[in-house]
Amino acid sequence: MSPDENSAQLKPAEASTPALESPGLFPERGPQISKVTPEVARRSTRRAFLAFGTSAVAGLGVAASQLPPSTLERLGLTFWPHNQWLLNNALRFDDYVAEFLYSPNRLMPTYTKSQITALRNNYNGVTPDSGYIPMWRLTLDGLSSGLAASLDIRTFLARFQIHDQITRLVCVEGWSAIAWWSGLKFADLLQAYPPVPQAKWAFIESSVNLDPNGKPDPYYVSIDLLSARHPQTLLATHHNGQPLTVEHGAPLRLIAPMKLGLKNIKAITRITYVKDEPKDYWAKRDYSRYDGI
Amino acid sequence: MCGVIVSTPPCVRLVRKHHLLVRVSHWLNVLLLAGLIVSGISIYWASPIYQHGPDPPTGNADYFADAGVWLCAHVPGLHGYASPPDWLYNHFSLGPYMLAPAISLHWFSAYLFMLNGLVYVAGLCLGGEWRSLLPRASDGRGALVMVKYYLGAPFALLRCRKRVPPRFNSKYNPLQRLAYFSIPIAGFLSVVTGWAIHKPMQLSWLAALFGGFDKARVWHFWLMCLFITFVVPHVILVFSDGWDTVRSMITGWSTRSESEGQSHEP
């Protein structure tokens, strides 16, 4: 197909509204016209439509296999295979991006007391009876001493410096809350009770939760030690200047503002330092694992 | 070229319209935008931006759920629908309680959407088509002329009257130019507001640019609405404009030459 030499001589279309024409700063080029035989045009069309059709069928097929089984069922495509591979890897890739964006030196935005918003308890299980609080102890494991440590809340308040911070808690669902927390820095705990040198992760457990039927529903999260050592990562004991309520994780909860709210585990009972990435409550339920925001 | 030999069959004039990369990114976008919208609405369901005080009997606070209830009550054939508050979510998203699959589908589509944006820009540059998208000083008035023509079209059709569409000596008419110029910008803004919501801490400056985390969500939501309001007339107009226009996004060329009057729709 050669460009048409005569195209310059083509009479421009008679504009019905010539007053509206103005070529602008970068005028567009004239039409590129080629003259071909009908056979060439037919072949070119056939080729393009074959390529388009094949890709469209393949694209739609792959797209449908990414839909959750219940959506496929609603579409009447129950026979269509569901494949999680692409989506899992997308989540994984996104976690790498989040890890890349993290910097131990970058502080998260802080707010003033007048900007504080209502804090919501998003756990849909039963709030446990507060009876566990007097007996509550935190167990630390995976320490370089080789021994497990067991601390009560008085030790925490007496031994560590308490810091205040007003940060935003961002939920994976899309809502967020600005709240005033007080507690010790996770970094200070790590210094006082150093983990084994090869540890890269903290596995944090809470064993006081109950599901909507009142059955035990232990919650656990994984936190990379880089995030745990961030100066704004707190083990909070107070909210709004008052000791934490049961709804908000009495007597000790994690506040990691650089993570999604779901990593901010309440009523911590045990922290284990490990080398390999531990399991995570929500990662098991098809959410991402690193959850950096 | 084919005029040289007398015995050759009559010639077809092919006018180059869209670069291959522009066509590829256009059709890929159909899938990606669909994926982004259905997963985005499922994500919206988890924490709707627009809520009212909870209704006493149901505790429902979401306007989309209200709309579903209204549809199921008033549209014949939907009266027996099992869960009216979910009707909109069941038909325009992955469904309610689908946050985890919706998030992974959204990230998957979003990363491809960003790559696809680069493919589109590359196609525009390689084919020189970007020049045809630049708005001109006269486009405001020209767009109004087109809008007037389109609004009158259904009435003309009813009265079986043929109308001559306004003509412009350019690849696109002014309304098309404005639409095709602003939609890529809207795509860019969707990506930027998406990052602002996705990484509100590490990229807090970006969220601040849009008025903070919560306002960035509102921006992101309305940009989606803008895409939908673009796509509906786009599809209607491309099909009413005719086969040549549909085909040109597949083959890359049109057989309409300037003197025959150019395509003015999608």
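Two residues are in contact if their C-beta atoms, placed from the backbone, lie within 7 Å. With that cut-off, residues 24 or more positions apart account for 64% of the contacts in chain B with a separation of 6 or more.

The structure is a predicted model, in which local features need pLDDT of at least 70 and side-chain atom pairs count only at pLDDT 80 or more, while totals for chains, interfaces and linings use all residues. Residues are numbered from 1 along each chain as its sequence is written, and chains are lettered from A, with ligands numbered from 1, in the order in which they are written. The scores are ipTM 0.89 and pTM 0.91.

**Stop 1: chain B as a whole**

The average over chain B is 90, and 93% of the residues score at least 70. Residues 259-266 of chain B have a pLDDT below 50; this stretch still has 27 contacts in the model beyond near neighbours in sequence.

Now switch to cartoon. Helices (H or I, at least four residues) and strands (E, at least two) are DSSP runs, numbered from the N terminus. Chain B has ten helices and two strands, in the order β-α-α-α-α-α-α-α-α-α-α-β from the N terminus on. Its C-alpha atoms fill a box of roughly 80 × 50 × 40 Å along the principal axes. Of the 266 residues in chain B, 37% are buried. A residue is buried if 20 or more other C-beta atoms lie within 10 Å of its own, exposed if 12 or fewer, and partly exposed in between, with C-beta atoms placed from the backbone.

**Stop 2: the side of chain B that touches chain A**

Show both chains and select the residues in contact across them: 61 from chain B and 62 from chain A. On chain B, the elements that give two or more residues are β1 (12-16), α1 (20-46), α4 (99-127), α5 (130-133), α6 (139-158), α9 (213-241) and α10 (243-251). The largest share, nine residues, comes from α4(B). By residue type, this side of chain B divides into 32 nonpolar, 19 polar and ten charged. Here Ala, Val, Leu, Ile, Met, Phe, Trp, Tyr, Cys and Pro count as nonpolar, Asp, Glu, Lys and Arg as charged, and the others, Gly among them, as polar.

Stay with α4(B). This helix has 29 residues and reaches 41 Å from its first C-alpha to its last, close to the 42 Å expected at 1.5 Å a residue; the expected span is 1.5 Å times one less than the number of residues. After α4(B) comes B:Gly128, with a positive phi near 70°.

Next, pick B:Val30 in helix α1 of chain B. B:Val30 counts as partly exposed because it has 15 C-beta neighbours inside 10 Å. Draw a distance to B:Val231: the two C-alpha atoms are 201 residues apart along the chain and separated by 9.6 Å.

**Stop 3: a sheet with strands from both chains**

Select β1(A), β1(B) and β2(B), which form an open antiparallel sheet in that order. β1 of chain A and β2 (253-254) of chain B stand at the edges with a single partner strand each, so one side of each is left without a neighbour in the sheet. Two strands pair if DSSP finds at least two bridges between them. Four bridges join β1 (residues 33-36) of chain A to β1(B), and A:Val36 has B:Val12 as its bridge partner. On the other pairing, β1(B) and β2(B) share two bridges, and B:Val15 stands opposite B:Ser254.

**Stop 4: chain A**

Domain bounds, from an automatic or database domain assignment, divide chain A into domain 1 (33-83) and domain 2 (91-285). Their C-alpha centres lie 48 Å apart.

**Stop 5: backbone details in chain A**

Pick A:Pro251, in the loop between β9 (242-243) and β10 (253-255) of chain A. A cis peptide bond joins A:Ala250 to A:Pro251, with omega about 0°.

Move to A:Ala267, in the loop between β10 and β11 of chain A. A:Ala267 is not a glycine but has a positive phi of about 40°, and is buried, with 22 other C-beta atoms within 10 Å. End at A:Asp291, in the segment after β11 of chain A. A:Asp291 is likewise not a glycine and has a positive phi of about 60°; with 24 C-beta neighbours inside 10 Å, A:Asp291 counts as buried.

Conventions
pLDDT = per-residue confidence, 0-100.
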